[in-house]
Amino acid sequence: MAKIRLDKYLADMQIGTRSAVKEYIRKGRVRVNEAVVKSPEQKIDTETDTVLYDDKPVGYHTYEYFMLNKPQGVVSATQDTKEKTVTELITEKNRKDLFPVGRLDKDTEGLLLITNDGALSHELLSPKKHVETYFAEVMGKIGQAEVIKFKEGLVIDTEFTALPAVLEVLSFDEAKNTSRIRVTIHEGKFHQVKRMFEAVGSEVLYLKRLSMGTLVLDESLAPGAYRRLTEQEIQMLKETRNIKKNG
C-alpha cells in the first residue's frame with residue numbers, strides 16, 4: 001500500500017478528527033518506530049511502520065468485514081437523525097467509514113455485511129451477480145401454483161416483473177393460516193420479497209435474510225450480535241467476484 005500521512009492514519013483509526021490528531025501529534029503524544037514525531041505530514045508505511053498513541057499501538061486496518069444479524073427496529077444506514085443505524089451496532093470497529101452492503105427493511109432481520117470495501121460491495125450488488133436467500137412466514141397456504149409463478153418470473157405490476165426465483169414451502173400452520181417458506185432471489189429491488197408475495201395474494205409477516213452470495217448467516221449470532229468475517233469467508237467472497245468477472 002502507498003504511504004499515507006500520519007494524521008490521516010490516526011484519523012482513519014478513530015483516534016480523533018483530523019484537526020484533533022494534528023494537535024495530539026504536535027504535543028508529542030505520537031511515536032513512530034519508537035521516535036516522537038511532531039509533524040502531521042510525516043508519511044507512514046502502513047505495513048512496516050509501528051505507530052503508538054499515548055504509548056498504545058495503533059495498527060492500521062485497510063478493510064474491515066463484519067457479519068451482523070440485523071435486528072428489527074434498526075435502519076440499514078450509516079447515519080440517521082431519528083433511528084438507530086446498523087453501523088452503530090458495530091462497537092469493536094477500527095475504521096470510521098463502514099457501511100452496510102445493500103439494505104434490509106427496518107422490520108427485516110438477518111444477514112447484513114458491514115464493511116468499507118467499496119469494490120466488493122459493488123460486485124456483490126451487481127445485477128449479474130446478486131443472489132439472496134430469505135426465510136419468511138407469510139399469510140395463507142402457499143402451494144405449487146405459487147412455486148411455479150416464482151420460477152417463471154413473477155409479474156409484480158405493470159413496471160416490474162421479477163427475475164425467476166426459487167420458492168420452497170417448508171410448512172403450513174392450519175390454525176394460524178400461515179406458511180413458512182424459503183425463497184432465493186437474484187435481484188434486490190425495493191421491498192422485493194414483500195411485493196412478490198403481495199402479487200400472489202399473500203402478506204409477509206416475518207422476514208429474515210439467510211445468505212448473500214457465498215456468505216451465510218451464522219445462526220449462533222443473536223439478533224443485534226455480530227462478528228468479524230473469517231479469512232475463509234472473505235476469500236470466498238473475493239473468489240466468487242473474480243470467477244464471475246472472468247467467466
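In which strand is the place of Lys70?

## Basis of the model

The place of Lys70 is in strand S7, which covers residues 65-70; strands (E, at least two residues) and helices (H or I, at least four residues) are DSSP runs, numbered from the N terminus. This is a predicted model, in which local features need pLDDT of at least 70 and side-chain atom pairs count only at pLDDT 80 or more, while totals for chains, interfaces and linings use all residues. Residues are numbered from 1 along each chain as its sequence is written, and side-chain values use heavy atoms, with hydrogens and water left out.

## The chain as a whole

The chain contains six helices and 17 strands. Its radius of gyration is 23 Å, well over the 18 Å that the globule rule gives for 247 residues, so the chain is more spread out than a compact globule; the radius is taken over C-alpha atoms, and the rule is 2.2 Å times the number of residues to the power 0.38. Along the principal axes, the C-alpha trace spans about 70 × 40 × 35 Å.

Of the 247 residues, 46% are buried, where buried means under 20% relative accessible area, exposed means over 50%, and partly exposed lies in between (1.4 Å probe, protein chains only). Among contacts with a separation of 6 or more, 62% are between residues 24 or more positions apart, a contact being heavy atoms within 4.5 Å. The chain exposes about 13200 Å², of which carbon and sulfur atoms supply 49%; accessible areas come from the Shrake-Rupley method with a 1.4 Å probe, and for residues only the protein chains shown count as cover.

## Strand S15 and its partners

Strand S15 (residues 204-212) has seven of its nine residues buried, so it is largely enclosed by the rest of the structure. Strand S10 (residues 132-139) runs antiparallel to S15 and is joined to it by seven bridges, with Met212 of S15 as the bridge partner of Glu132. Strand S9 (residues 109-115) runs parallel to S15, with two bridges between them, and here Glu109 stands opposite Lys208. Two strands are taken to pair if DSSP finds at least two bridges between them.

S15 is also joined by two bridges to strand S16 (residues 215-216), in the antiparallel sense, and Met212 stands opposite Leu215 in S16. The hairpin of S15 and S16 has two residues between the strands, and in it Gly213 takes a positive phi near 60°.

## Surroundings of Lys70 and Thr108

Lys70 counts as buried, at 0% relative accessibility. Leaving aside neighbours within four places in sequence, the residues in contact with Lys70 include Ser76, Val86, Leu104, Asp105, Thr108 and Glu109. The C-alpha atoms of Lys70 and Leu217 are separated by 10 Å, although these residues are 147 residues apart along the chain.

Thr108 is found in the loop between strand S8 (99-100) and S9, and it is buried, with a relative accessible area of 2%. Not counting residues up to four places away in sequence, Thr108 touches Lys70, Pro71, Lys194, Leu207 and Lys208. H5 is followed by Gly201, whose phi is positive, near 80°.

Ser121 is found in helix H3 (residues 118-124) and counts as buried at 8% relative accessibility. Apart from its neighbours within four places in sequence, Ser121 is in contact with Phe99 and Val101.

Elsewhere, four strands form an open sheet in the order S3-S2-S5-S6, with antiparallel pairing. Its edge strands are S3 (35-36) and S6 (56-57), each of which pairs on one side only. Strand S2 (residues 30-32) pairs with S3 in the antiparallel sense over two bridges, and Ala35 in S3 is the bridge partner of Val32.

Ser39 lies in the loop between S3 and strand S4 (43-44) and counts as partly exposed, at 29% relative accessibility. Leaving aside neighbours within four places in sequence, Ser39 is in contact with Leu6 and Ile25, while Ser39 and Asp7, 32 residues apart in sequence, are 8.6 Å apart in space, C-alpha to C-alpha.
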